[in-house]
Amino acid sequence: MDYRKYLSKNAVDIPPSGIRKFFDIVAERPDAISLGVGEPDFDTPWVSREAAIKSIQKGYTQYTSNFGMPKLRELISKYYKQRYNVKYDPKCEILCTVGASEGIDLALRAILNPGDEVLIPDPSYVSYRPCVSLIGAVPVSIKCTEKEEFKLTLENLKAAYTEKSKIIILPYPNNPTGAIMEKDDLAKIVDFIKEKDLIVISDEIYSELTYTDEGHISIASFDGMQERTVVINGFSKAFAMTGWRLGYALAPKEIINVMYRIHQYAIMCCPTASQYAGIASLENGFEENFATIQDMVQKYDIRRRFLVDEFNKMGLKCFAPKGAFYVFPCVSSTGMDGEEFANKLFREMNVAVVPGGAFGESGKNFVRVSYAYSMKNLEKAISLIKQFVEKYTK
């Protein structure tokens, strides 16, 4: 049977994830030292786990509102006002989603028509381009460079813009580079975004993992930007809840309403136990959990500084990222691109990192290294990487 004539061309044409492809290989060696997984190595705070356990014990296992539990939406609204100085109406401007990933997909489907263009900083999270392509819209890369610390600049934005541009994705703090957009950086692009009448999808899932005194700044907090911004966030990174699959979208009610309609047919609602865990994370346990977040960030910061120093010492130029939990060293000094470097490193030293090209053309000479691992594992991995680099740079 020839299935090609039945399958969606848009779906068939999507390339496999460069991350998943690499980890399928890594999975064959359980003894490998992996620096590739993008999730916290901390446990979900006990207050959140206990709330979920109690909800199951009490039989609270039915569907919730498609929007998400009212109490959870109220707490998310309070959290965003407290942390990022943006106020959203919990009744009509907040939608709870199955992870931030669903929120991204819903926002794109709610706004785009076939042929519309979406501006995406490159390198970026692997899901943006496929989600755009599935709709029949067109992903357009904005080349970001190490020289600019992989930030989005006004000049690069202007160069990528066309009359078909409808959305710009702001993936900061950035996966895979760890780049952030500080207040002055955002101020330089907001006027152009408003002038060209663009919608912003601001993926802020790493917002709590920012290593500056200023902390994360949401573009929605700028004058005139909240009305044209869809903020995507969730509990995965800040609260170490990756497997709970609990995210949310914040946007004007007109956009949320369309996202909600897609969500109610495709998903129904978020897992009920996860929503109870989310409530506990932001309610009575928030101060305790926030202290846990701060402790987690301090530990990440130590690891971040260690890796940046070590990679630079071995001749792999690495800028100091200010967000997320990744470093993005350039490996071109070894005579290899990121794909060759990662594959050889894995075969010869049993250490796994992710080829930077998985995140876009601009990352092809880099590798992504996660520091969501213990210092013991990082020190062991760095020792092996150093031996490998010395071998190929003599």
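Colleague: Is Glu310 buried or exposed?

Modeller: First, the ground rules: this is a predicted model, with residues numbered from 1 along each chain as its sequence is written. Local features need pLDDT of at least 70, side-chain atom pairs count only at pLDDT 80 or more, totals for chains, interfaces and linings use all residues, and side-chain values use heavy atoms, with hydrogens and water left out. Buried means under 20% relative accessible area, exposed over 50%, partly exposed in between (1.4 Å probe, protein chains only). Glu310 has a relative accessible area of 18%, so Glu310 is buried.

Colleague: Which residue forms a salt bridge with Glu310?

Modeller: A salt bridge is a side-chain nitrogen of Lys or Arg within 4 Å of a carboxyl oxygen of Asp or Glu. Here the closest N and O atoms are 3.7 Å apart. The partner, exposed at 66% relative accessibility, is Lys313.

Colleague: How far apart are the closest N and O atoms of Lys9 and Asp13?

Modeller: Lys9 counts as exposed, at 62% relative accessibility. Asp13 is partly exposed, at 47%. Their salt bridge has its closest N and O atoms separated by 2.6 Å.

Colleague: How many salt bridges does the structure hold?

Modeller: Some are linked in a network, made of Lys151, Glu182, Asp185 and Lys322. The total for the structure is 21.

Colleague: Arg73 has no salt bridge. Which backbone oxygen lies 2.9 Å from a polar atom of its side chain?

Modeller: Arg73 sits in helix H4 (residues 70-84) and is buried. Counting Lys and Arg as positive and Asp and Glu as negative, with His and the chain ends not counted, the nearest side chain of opposite charge is Asp89, 7.3 Å away. Contacts of Arg73 (heavy atoms within 4.5 Å), not counting residues up to four places away in sequence, include Phe67, Lys91 and Ile94. The backbone oxygen at 2.9 Å belongs to Pro90.

Colleague: What is the bridge partner of Tyr326 in E12?

Modeller: E9 and E12 (residues 367-370) pair in the antiparallel sense over two bridges. The partner of Tyr326 in E12 is Ser370.

Colleague: Which residues have the most contacts inside the largest nonpolar core?

Modeller: A nonpolar core is a set of buried Ala, Val, Leu, Ile, Met, Phe, Trp, Tyr and Cys residues joined through side-chain atoms within 4.5 Å. The largest has 96 residues. H11 gives the most to this core, with nine residues. The two with the most contacts inside the core are Phe311 and Phe341.

Definitions and conventions: Two strands pair if DSSP finds at least two bridges between them. Helices (H or I, at least four residues) and strands (E, at least two) are DSSP runs, numbered from the N terminus. A polar contact is a pair of N or O atoms within 3.5 Å; within protein, one must be able to donate a hydrogen and the other to accept it, and residues adjacent in sequence count only if both atoms are side-chain atoms.
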